[in-house]
Amino acid sequence: MNKSGIKAPRSTRGAGAPKMSRDAKAAVVRRISKYLVQHKGTVLICFVMMVCSNVLALAAPKLSQRAIDAIEPGVGKVDFRSVIFYCALMLVFYILSALLSYLLAVTMVKLSQKIIYTMRRELFNHLTELPVGYFDTHATGEIISRISYDIDTVNTSLSHDLLQIGASMITVAGSLVMMASISPVLLLVFAFTVPMSILYTKYRSGRVRPLFRKRSQKLGELNGYAEEMLSGQKTIRAYGREKVISSRFDEKNEEAVEAYYRSEYYSATVGPTVNFINNLSLSLVTMLGGIFYLFYLMNETGSTNILPLFTISLGGVSAFVQYSRKFAGPINEFANIVSDLQSAAAAAEKVFAVMDEAPELADVPNAETLSHVKGEVELSHVRFGYVPERVILRDLSLKAQPGNTIAIVGPTGAGKTTIINLLMRFYDVNSGKILVEGREIRGLTRESLRQAYTMVLQETWLFHGTIYENITYGREGASREEVEKAAKMAHIHSYIDALPDGYDTVLSDDGVNISKGHKQLITIARAMLADSPMLILDEATSNVDSRTEQKIQAAMQTLMAGRTCFVIAHRLSTVQNANLILVVKDGNVIELGTHDTLMNQKGFYYSLYHSQFDH
Amino acid sequence: MKLLLEYLKPYRWYIALTLTIKTLGTLVELVIPYILSHILDSVVPTGQVRNIVWWGVAMLVCAALACVGNVVANRMAARVARQSTQQIRHALFERVMTLSPRQLDSFTIPSLESRLTSDTYHVHHVVGMSMRMGVRAPMLLLGGIIITATLDPVLTLVMVLVLPMISVSVLFISKKGIPLFQTTQRSVDSMIRVVREDAQGIRVIKALSKTDYERRKYDRANRRLVEDETRASTTMAASNPLVTFFLNFGLVTVMLVGAVRVNGALTQPGKIIAFIQYFTLISNAMIGLARIFVNYSKGAASAQRIEEVVRTEPDLIVADESRYPSMRKEEGIVFEDVSFSYMGKKDNLSHVSFSLPTGGTLGLIGATGSGKTTLIRLLMRSYDVGSGSVRIEGRDVRTIPHEELNGMFGVVMQNDFIFADTIAENIRFGRELSDEEIRHAARLAQASEFIEQYEDGYEHLLQSKGTNISGGQKQRILIARALAGNPRILLLDDASSALDYRTDAALRRSIRENMRNVTTVVVAQRVSSVMNSDLILVLDEGRIIGAGTHEELLATCEVYREISDSQIGGAILE
């Protein structure tokens with residue numbers, strides 16, 4: 001049904017983390033952590049597993065130190081019992097560590113999927129509570145990228161980064177302790193290289209971050225342009241504009257790849273440089289370690305007596321080097337994680353912004369249920385504007401008796417649909433009131449009010465599902481006969497019947513298989529089936545050719561008989577017989593009366609009426 | 001992947017240089033642990049502190065060289081990725097723009113969109129990454145093996161034995177994982193479809209109080225997605241622990257075997273330490289390789305999807321006049337016994353014949369799905385006829401070069417395309433038209449009045465799909481666009497349905513008076529929009545059931561009379 005929009009075409013714009021205030025950040029973090037708290041048991045288990053798995057992995061080099069020291073005595077002097085003992089222990093540790101890390105990964109996936117499921121559900125449920133106006137002012141693609149791309153971003157960060165941070169901290173702390181226990185003096189090397197590493201990544205990420213932001217922004221622009229032009233491909237082709245449009249696309253493309261390249265160009269230095277700093281530590285450790293080992297050997301032979309602080313065994317050097325690698329790893333990662341977290345926070349902020357949109361006002365506490373509707377509707381001194389500064393209806397009063405037809409006419413864009421928005425309570429009046437059966441509609445439950453109306457709109461809305469499902473949408477559980485009867489009245493039955501799958505034909509997204517007119521007839525069949533006491537027809541037959549319209553007119557008349565109807569239509573035959581005609585222009589009701597009184601007024605209605613003969 | 005290679009080919013020397021630098025940088029890095037073991041085993045026993053320092057400095061030099069080499073190579077790789085992506089994306093977009101409607105429909109727009117956006121992005125990512133890591137990881141692996149082999153071939157053999165285990169498990173897991181990810185992707189699509197549908201149909205949903213129903217529907221989609229994603233991710237979650245474990249297993253074995261060999265004077269303990277160092281390098285390389293593998297499969301899938309589009313054979317090829325000879329004396333538009341079917345089953349148009357002189361007006365009227373739009377599409381050659389022929393000025397449309405053919409028409413289609421740009425640009429549509437021509441067209445289309453009401457007039461910015469203007473204003477801008485190019489043939493497919501009667505009448509008058517030599521084809525629901533046409537065709541289920549002028553049809557065609565009566569007698573009011 002919808003031809004535009006893919007997974008998250010514009011969403012990449014969201015990836016560039018905009019600057020957030022500290023308070024806003026804290027608020028976002030608090031709200032995210034609420035989701036974690038819901039699963040605090042699992043989170044705790046994850047944490048324990050993470051600690052264990054990392055501690056086990058950390059213990060291994062220490063064991064390897066023992067094993068090597070047992071090998072070291074040299075030819076024929078290897079202490080096999082110790083070697084085998086420590087090797088076996090290492091193996092056990094590694095197996096446990098692998099098992100734990102697998103379990104941990106699986107648990108984390110499940111946890112994060114649970115959270116993502118909850119977030120999506122909450123967001124969707126909230127969306128269904130939002131007033132119609134929200135959807136009028138927000139692009140569908142934007143809403144989609146909130147619920148897909150942004151939530152995904154938050155989730156990736158939750159499951160990946162949190163784990164990473166935890167693991168990194170444990171690894172860093174553990175390695176530090178282990179290295180200190182092997183040789184506190186050698187550890188001094190890191191007092192030199194770690195600050196270097198931190199300063200460097202800080203400096204770099206400060207330089208690179210805006211480049212990444214720009215890269216996401218440019219990519220978003222490119223995607224947006226591609227999406228838009230693709231939707232107009234047939235027109236572009238009809239006008240032979242492929243080359244021009246392609247060359248404009250090229251400009252966007254150039255900007256996008258250039259931004260990508262610039263961010264790569266600078267970030268390309270990060271990996272190798274951090275690696276260099278690591279190698280620097282390694283070299284220094286080796287140099288010093290070599291010297292200490294020399295001292296150690298000299299002490300062993302008894303030629304010198306150097307403080308044990310400045311000596312190290314061969315196994316010690318080996319273990320120290322292994323720990324130093326473990327120690328350096330997470331520090332490199334921190335820069336990445338920080339920028340990940342920033343974009344996750346930005347995404348979460350956007351998701352929460354939707355969740356914070358004010359929903360439709362709840363029904364008043366003691367709202368009544370509207371029942372036994374005869375069809376009396378009254379508008380009394382209604383004043384309304386979508387934005388307070390622009391009043392659309394100034395002071396509208398009218399009364400519809402049961403069975404009356406109220407027609408609303410006027411040029412396009414005049415605000416005819418506004419009245420319908422008010423009747424259905426998609427919007428609330430600014431002042432004045434609307435009464436149904438003498439009861440103020442704000443005192444009724446929305447559900448019962450809306451069920452009192454059947455609405456057919458110009459915009460045909462069908463969803464992915466069978467024709468049958470689409471027709472019964474307004475009344476689940478309707479029998480096959482009833483559905484067919486409604487379809488016959490809407491003059492769509494024979495068309496549906498001729499389809500290979502009949503009523504079970506699935507209406508697909510792109511809807512190439514069904515014309516616009518037929519779609520509208522299906523929505524009319526849906527209305528026919530719904531059978532409510534009042535009707536709203538908003539240019540309900542605009543896409544149907546007049547001959548078919550004429551055919552269904554009889555059915556429409558049957559449908560309208562005895563019901564109160566609000567009709568926006570361009571068919572004069574309907575309008576002429578209306579009990580009341582509202583002429584709307586530039587957002588104001590300028591004339592109001594029956595066909596005859598309006599014709600006598602010789603005003604706007606009169607001139608509209610005559611313009612149709614003016615060919 | 002062939003396509004990708006083709007686009008990389010022009011850069012092959014550059015790539016070769018990049019890879020060479022990368023290789024050198026990596027090799028230098030491999031020397032570092034070698035020096036480490038040399039210091040511990042050979043330098044320390046000499047007791048010369050100075051020598052230890054010198055070798056340490058050598059390590060530093062190697063580290064610095066490795067750093068410089070890697071930075072340079074990474075930057076070069078980024079350049080190649082930029083150039084090739086830019087060209088691939090360009091080729092894809094250009095091809096997409098020229099796809100015929102039939103091809104476009106078979107790919108579907110959402111699918112083409114994701115090919116243009118996320119697929120090209122994946123390719124970009126993969127090209128860069130493969131060059132950055134594709135050399136480094138295998139080099140580290142290979143280099144590590146070679147160096148350790150010189151240190152101690154037996155221990156190396158022990159270590160190499162774990163590699164097949166790793167490869168098999170990584171392959172096995174990704175083979176299972178990739179289809180699972182594909183399933184997940186489809187579930188994502190269904191989840192999004194519900195959101196998209198509901199965002200668009202919110203009025204209907206609320207009017208029918210179906211909120212709970214939609215929530216349940218969404219919940220099902222959400223649940224399915226979560227299940228699929230969990231399955232895919234947990235499957236992949238096994239790969240890292242497995243790889244790590246196998247490597248560590250190898251390490252332990254090396255120590256055990258090493259102990260035996262040290263005892264037998266076949267090796268020194270320092271070598272075991274060096275081995276452990278290389279192991280770290282190799283295990284990082286293996287994990288890197290596994291990542292490349294996953295990314296590569298993603299990238300390959302994307303490249304495949306791009307290739308499908310780029311390699312689509314052009315259809316609607318311009319045929320030679322010898323095949324469809326032109327009729328020299330004929331003028332205007334001629335349909336000769338034209339039949340056509342979209343799906344190749346039921347005819348959507350059958351045996352349609354008529355002719356319309358240059359400068360004449362053709363009105364098309366008929367029920368929903370009767371073939372009015374199809375007829376226009378055949379005239380524009382959006383599709384080729386099944387049989388018969390469509391000729392303009394005696395030439396079969398299949399023999400007219402695309403540019404020439406497209407240049408003849410000014411078209412407004414149903415729900416036509418408005419893009420985010422100024423009003424002037426929406427009318428100009430990338431053509432070389434002066435401001436005066438644009439204003440003139442807007443005047444003819446009855447659009448100038450409302451445009452000039454904007455403070456910024458023609459420079460007023462429209463939103464994508466024209467969401468900030470009314471339906472009638474949209475249609476007038478579209479008509480202005482069609483008129484602005486001075487077309488020889490004007491095609492208006494339900495182009496004025498949102499206009500009120502007065503504006504519609506004024507529009508028709510202005511077209512009639514100002515565009516006398518333009519042949520016009522009008523599709524409409526309203527009789528009044530076509531009643532002054534030189535020829536009106538009444539279509540029903542793809543057949544002409546009435547042809548003639550308004551008066552003739554009133555006399556001869558019952559269906560037309562019915563339509564006309566219902567509208568003129570009963571009349572229409574907007």
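Student: What makes strand 1 and strand 2 of chain A count as a pair?

Tutor: In this predicted model, strand 1 (residues 377-384) of chain A and strand 2 of chain A are joined in the antiparallel sense over five bridges. At one place along strand 2 of chain A, A:Lys399 stands opposite A:Glu378.

Student: Why are strand 2 and strand 5 of chain A said to stand at the edges?

Tutor: The open sheet of chain A has four strands in the order 2-1-4-5, with antiparallel pairing. Strand 2 (393-400) and strand 5 (439-440) each have a single partner strand, so one side of each is left without a neighbour in the sheet. Helix 11 (residues 416-423) of chain A packs on this sheet, where it touches strand 1, strand 2 and strand 4 (431-436), and its direction makes about 115 degrees with that of strand 1 of chain A.

Student: How do you know that strand 4 and strand 5 of chain B pair?

Tutor: Strand 4 (residues 387-392) and strand 5 of chain B are linked over two bridges in the antiparallel sense. Since the rule asks for at least two bridges, two bridges are enough, and therefore these strands count as a pair. B:Arg391 has B:Asp396, in strand 5 of chain B, as its bridge partner. The open sheet of chain B is ordered 2-1-4-5, and its edge strands are strand 2 (349-356) and strand 5 (395-396), each pairing on one side only. Helix 12 (residues 372-379) of chain B lies across strand 1 (333-340), strand 2 and strand 4, running at about 115 degrees to strand 1 of chain B.

Student: Why is A:Ser283 called buried?

Tutor: A residue is buried if 20 or more other C-beta atoms lie within 10 Å of its own; A:Ser283 has 24 such neighbours, so A:Ser283 counts as buried. This serine lies in helix 9 (residues 270-301) of chain A. Leaving aside neighbours within four places in sequence, A:Ser283 is in contact with B:Gly56, B:Met59, B:Leu60 and B:Ala63.

Student: How many residues of each chain are in contact with the other chain, and which helix of chain A gives the largest share of its side?

Tutor: On chain A there are 139 residues in contact with 140 residues of chain B. Helix 3 (residues 80-129) of chain A gives the largest share of the chain A side, 22 residues. That side of chain A divides into 70 nonpolar, 45 polar and 24 charged residues.

Key
Residues numbered from 1 in each chain as written. Chains lettered and ligands numbered in written order. Predicted model: local features only at pLDDT ≥ 70, side-chain atom pairs only at ≥ 80, totals over all residues. Contact = placed C-beta atoms within 7 Å. Nonpolar A, V, L, I, M, F, W, Y, C, P; charged D, E, K, R; others polar. Buried ≥ 20, exposed ≤ 12 C-beta atoms within 10 Å, placed from the backbone. Axes fitted to C-alpha atoms, helices over the stretch in contact; angles between N-to-C directions.
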